[in-house]
Amino acid sequence: MCSLSRAVITEFVFLCLSPEALVINDPDFQHEDLNFLSRSQRYEQAIRKSSLMVMKLREYGIADPEEIYWFKRTCLGNFIEPFGLHFSMFHKTIETQTTDAQKKKWLPLVRGVKIIGTYAQTEMGHGTHLRGLETTATYDPATQEFILNSPTVTSIKWWPGGLGKTSNHAIVLAQLYTQGQCKGLHAFIVPIRQLGTHEPLPGITVGDIGPKFGYDEMDNGYLKMDNFRIPRENMLMKYAQVEPDGTYVKPVSDKLTYGTMVFIRSLIVGDSARSLSRACTIAIRYSAVRHQSELKPGAPEPQILDYQTQQYKLFPLLATAYAFHFVGAYIKDTYHRISGDIHDGDLSELPELHALTAGLKAFTSWTANAGIEECRMACGGHGYSRCSGIPDIYVTFTPSCTYEGENTVMMLQTARFLVKSYNQVSSGQRVTGMVSYLNDLSRQRIQPQHVAGRTEAVRINDPVSLVEAYKARAARLVEAAAKNLQAELNHRKSKEDAWNRTSVDLVRASEAHCHYVIVKLFTAKLSEISNAAVCAVLTELCLLYALYGISRNAGDFLQAGILTDTQITQVNQRVKELLAVIRPNAVALVDSFDFHDVHLGSVLGRYDGNVYENMFEWAKKSPLNKTESVSLFHQSKQNCKSCHSGLY
Amino acid sequence: MCSLSRAVITEFVFLCLSPEALVINDPDFQHEDLNFLSRSQRYEQAIRKSSLMVMKLREYGIADPEEIYWFKRTCLGNFIEPFGLHFSMFHKTIETQTTDAQKKKWLPLVRGVKIIGTYAQTEMGHGTHLRGLETTATYDPATQEFILNSPTVTSIKWWPGGLGKTSNHAIVLAQLYTQGQCKGLHAFIVPIRQLGTHEPLPGITVGDIGPKFGYDEMDNGYLKMDNFRIPRENMLMKYAQVEPDGTYVKPVSDKLTYGTMVFIRSLIVGDSARSLSRACTIAIRYSAVRHQSELKPGAPEPQILDYQTQQYKLFPLLATAYAFHFVGAYIKDTYHRISGDIHDGDLSELPELHALTAGLKAFTSWTANAGIEECRMACGGHGYSRCSGIPDIYVTFTPSCTYEGENTVMMLQTARFLVKSYNQVSSGQRVTGMVSYLNDLSRQRIQPQHVAGRTEAVRINDPVSLVEAYKARAARLVEAAAKNLQAELNHRKSKEDAWNRTSVDLVRASEAHCHYVIVKLFTAKLSEISNAAVCAVLTELCLLYALYGISRNAGDFLQAGILTDTQITQVNQRVKELLAVIRPNAVALVDSFDFHDVHLGSVLGRYDGNVYENMFEWAKKSPLNKTEVRKPYLVGLNDLWRSFPTPTIL
């Protein structure tokens, strides 16, 4: 029952989270509470801070896209910036998809912020399915221009960040038509507002898409183009090209875009870990501050963190947050490792990583999404106040489930890889990497009792043994999905139809695969931790993560004969025991995430625990307390009087 | 594969949802989109509409609390009113807990809205546990006054609706001290603002608690009292009394408050049904409008509602919404039936109903809460826009999980009743009502194979048989929790400690019990529907609800030997088949909820399906498009340009 200190865990587990120090005391970044501002005020603040941030990044010499991302997300909390896409997608796309001549023209403008751009892909009626995009760019050889059109309402570009008010340029994805033929989707640099006056250009209709669940500071925008002409040179021509006479030159390969997708999805996995960690920090700290009811008659009200049901809500999420941190780090490392190979033209490992990150993006963002709200509700009524900070974490995080690849679509991408791997194994080939467990299936299939025979082998206190259990579950669900798919194929002609009719099973298989990968990575991490006390605590968390998952998915483990009825009962019992074991270290475990109060943005989650006095101070600043309500009150009473007289 | 019309389902299932018609075309209730207003503007609008609503209620002669509740919630969508607590808790408490003399003084003021009141119970540091409240009311016989105090920061009244800015009176719950003794929690009428000027009275600190996840229109408030004196007569004295000399007179019974709690929780069950129905309506209609990707190469993009994964997200929620409607109706009816008995002094059925509504309040609100967000995300990116209407439904509904009894606490209340019933059965007594299945446990315990032997009996296409399966699961989990509790008691001395160490199991038992009750009520409803086609569709929904629940909780059914491995596989397969079966009627099933576009408040969920053009029109009205961009924009941008006069390399 030793209680570890925060510093020890942070040092041995997270190694470093340094850039915070750079800005935490920087007076330029101090600001009023955004909760008290209107959306227009928040937008103005964001523009101001965005500009400041650009200056600071340069001052500190931070240039790597990933460092920039973490500088912003980690250090400035949930700060959202209308310029964000200029520095990420706009800059990066111009850097990577243009010819040398184009680079020479555009890069100084982009880097010097002479122009501000965004990336406009999604349309009102089309998201995930890129081939469905309707915007057209028709080449006119007479003037050597592209004519851009939004032919329908559904083709209006919708959602791009910073498009509504901030940007004066956009990279627009459009179906290219030349010499009477559609050549598919290509990217074009399109000026949308007059430099200087910032008025929309003739033929351009642009604006903000309106208020959202969150992201108040962001002017997500719409863009409608009517016969808007741009020079031929504004097409990004590094790969495909249109020659002056309209001749289309095909690109060599388009597999390279995989890399960017993997990178962005790995950031989302990290974000899932981070956002869930923030919510856990707030809920667990507050649960140590809040007292309620009585466990023993006459004794003082206990901390609500001493209630088993509260622990059962929060500690599995805490374990999940740790697990996701390790998963995020793994994907990042793997990405960097094979990035080198990709540069050398070796794309062999990319398909698996691509398939894996798709599923893990979905798995972690769904779990974190639900978990953040569980943390909020675990704070009782006060969680609902904006001063808890959790509503903000939630509304900022939740788009992760639908953007950069809608989660169900992501799960099905992973499933496609799993089924392909399964079919390879069935046809006698061996597969490698995270799916190599499928190699064992062919053997087991001959002896159905074999699976059941392995039952006794699972040791519920041994993470390594639990990894095997998750592996067996994944293998079983992949096999079941693949067989159901085959059965549908045997009944019907269309592959697409069979796929659709099996997709619920396929998603389950993907989830089981991702779950296995996460338990495996968490377990692998344990052996890397050199401090014995920290390792012991992390082992408890790992066990809780794995056993809680079994408890919640007991049917899968029972049905496959991986665990017996008795073992499931033991698992449920063990989960409860682990809650009590983790309790003394729970606060240290969230303190180790090392969020500074300023960036946590939560009165409930304050490090010093002085919640109530600060909640009172916060409330006093509510804008409703500044305005005088007397006149309003009289006015309404007037209304009431007119109707009440004589009624009673 | 017949596709039913909306009208048929509405007629045969919901019978009536009439009051909508009263206000839908009333020009007084037309208003701009609240999404485009600031919080202060929303509050002002709400005050205006609240006043209007009061007039309309009287105009139409609606006076019953339940009718008022539904008039507001049903007809005006998610409309939130700062006066809400005046007409519910403030009025009702004064009506039911005062003496005749007090009624004579206060009721005309309340009904005539000469004063505006709210109900202040929750404190900053204390919610669920009433005995923990710290506010004190100390009787001073010298002046025959109570002296009210908020002795600590945690004792400040916090959250009451309408307290911050709107109300000039509050019913304050405080620990009563008289003759040096604490007599527990009592209610007092406390004036907080000057009539006329509306300034806070000396000794009163009052204000708005700040922005929240939702409820922008509501001035949830704080109230701090410093030696604030009120006359002795301001204590609500129908039950307990303090005499002029300070003598305390005990109340006769306090079981009657049960009734109010049951009533409020039954409203929340109905609200769960309603809010989930709204979200389902939006998501399912939009999924029929939205096209994406290709199921067949070269064919046009299919409606996303044709994707099995989309159906799997939405149709179980649709079935759940129907189930919760029936549960809400059942509780309401039961409440009314036994309300008569209560008036006659017969409280015998109250404990079970009280225990049942606690759990069902938690079960339905948790499920609806998660389901609303699933609906939002099933709308893809557009669900995140306020124009989808779902963010608003969510933030308005989600407090149901934590207010009027935090959900976990509610589940444990139900568990307490279940364990009590189990213990009665164990000691040879018989129990009645929804828990009567526990009577069978004693027999089964002698023959453990008996349970497994029943396995073959479950017919997965027969709702009645599935009710039995849910019953068996509930029985098993109640028994397991009760045994674990006993085992803890055998090891430790403290009852409270044992209870805490078993509480995860107890919550699971409650959930299983509630799940059983819901499947049972849904199944029972089927036989009441006279139209055969409607009955067939509802039977499919009922099967989906029950089988989906089994699929998601397969471990429970396997572990208890209620279903075999093979049957679980069949259940999973059958769920997928039912999705395809329900598909042709899905839109009619949500249309039958009969939400008018004005009250649905969703561009995505429009009845006419004309989503995209209206989304564009909606966006054009965004306040950000009205303000001139150059000024704020250039402020930031000029900084940038000033700092980088010449292009630099990043």
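Trainee: Why is Arg229(A) called partly exposed?

Mentor: This is a predicted model, and in it Arg229(A) has a relative accessible area of 36%. Buried means under 20% and exposed means over 50%. The value of 36% sits in between, so Arg229(A) counts as partly exposed.

Trainee: How do you know that Asp140(A) and Arg229(A) form a salt bridge?

Mentor: Look at their closest N and O atoms, which are 3.0 Å apart. The cut-off is 4 Å between a side-chain nitrogen of Lys or Arg and a carboxyl oxygen of Asp or Glu. Since 3.0 Å is within 4 Å, the pair passes. By this rule, the count over all chains comes to 52 salt bridges.

Trainee: What does the pair of Asp140(A) and Arg229(A) tie together?

Mentor: Asp140(A) belongs to strand E2 of chain A, and Arg229(A) to strand E9, so the bridge joins parts 89 residues apart in sequence.

Trainee: And Asp140(A) itself, is that buried or exposed?

Mentor: Its relative accessible area is 17%. That is under 20%, so Asp140(A) is buried.

Trainee: What makes Glu373(B) and Arg376(B) a salt bridge?

Mentor: Their N to O distance is 2.7 Å, and that falls within the 4 Å limit. The two are three residues apart in helix H9 (residues 350-378) of chain B, so about one helical turn separates them.

Trainee: Why do Glu373(B) and Arg376(B) count as buried?

Mentor: Glu373(B) has 4% relative accessibility, and Arg376(B) has 2%. Both values are under 20%, so both side chains' residues are classed as buried. Over in chain A, salt bridges with shared partners join Arg42(A), Asp216(A), Glu217(A), Arg386(A) and Asp392(A) into one network.

Trainee: How far apart along helix H18 are Glu577(A) and Arg574(A)?

Mentor: Three residues, which means about one helical turn. Their side chains meet in a salt bridge at 3.1 Å, N to O. Glu577(A) comes out at 39% relative accessibility, which lies between 20% and 50%, so it's partly exposed.

Trainee: Let's switch to rings. What makes the pair of Phe213(A) and Tyr384(B) edge-to-face?

Mentor: Two numbers. The ring centres are 6.2 Å apart, within the 6.5 Å needed for a pair, and the planes stand at 65°, over the 60 degrees needed, so the pair is edge-to-face. The pair crosses between chains, with Phe213(A) in the loop between strands E7 and E8 of chain A and Tyr384(B) in the loop between helices H9 and H10 of chain B.

Trainee: Are Phe213(A) and Tyr384(B) buried or exposed?

Mentor: Phe213(A) is at 3% and Tyr384(B) at 5%. Each is under 20%, so each counts as buried. These two residues also sit in a cluster linked by ring pairs, which includes Trp159(A) and Trp159(B).

Trainee: Which residues have the most contacts inside the largest nonpolar core?

Mentor: Trp158(A), Phe522(A), Trp158(B) and Phe522(B), in a core of 272 residues. Helix H15 (residues 495-526) of chain A gives the largest share, 15 residues. In soluble globular proteins, nonpolar side chains tend to be buried together. Among the residues in contact with Phe522(B) are Ala319(B), Phe326(B) and Tyr545(B).

Trainee: Last one: which residues does UniProt list for "binding site"?

Mentor: The unreviewed UniProt entry lists Thr122(A) and Gly161(A). They are spread over 40 residues of sequence but cluster in space, with a largest C-alpha distance of 10.8 Å. Thr122(A) is in the loop between strands E1 and E2, and Gly161(A) is in the loop between strands E4 and E5.

Trainee: Why do Thr122(A) and Gly161(A) get their accessibility labels?

Mentor: Thr122(A) is at 27%, between 20% and 50%, so it's partly exposed. Gly161(A) is at 7%, under 20%, so it's buried. Gly161(A) touches residues including Leu85(A) and Asn220(A), while the contacts of Thr122(A) include Gly127(A) and Trp158(A).

Note on methods:
Residues are numbered from 1 along each chain as its sequence is written. Chains are lettered from A and ligands numbered from 1 in the order in which they are written. This is a predicted model: local features need pLDDT of at least 70, side-chain atom pairs count only at pLDDT 80 or more; totals for chains, interfaces and linings use all residues. Side-chain values use heavy atoms; hydrogens and water are left out. UniProt positions are given in the numbering used here, feature names are shortened, and annotations may be inferred rather than shown by experiment. Helices (H or I, at least four residues) and strands (E, at least two) are DSSP runs, numbered from the N terminus. Buried means under 20% relative accessible area, exposed over 50%, partly exposed in between (1.4 Å probe, protein chains only). Contact means heavy atoms within 4.5 Å. A nonpolar core is a set of buried Ala, Val, Leu, Ile, Met, Phe, Trp, Tyr and Cys residues joined through side-chain atoms within 4.5 Å. Rings of Phe, Tyr and Trp (its six-membered ring) pair if their centres lie within 6.5 Å; planes under 30 degrees apart count as stacked, over 60 as edge-to-face and the rest as tilted. Lists of a residue's contacts leave out its neighbours within four places in sequence.
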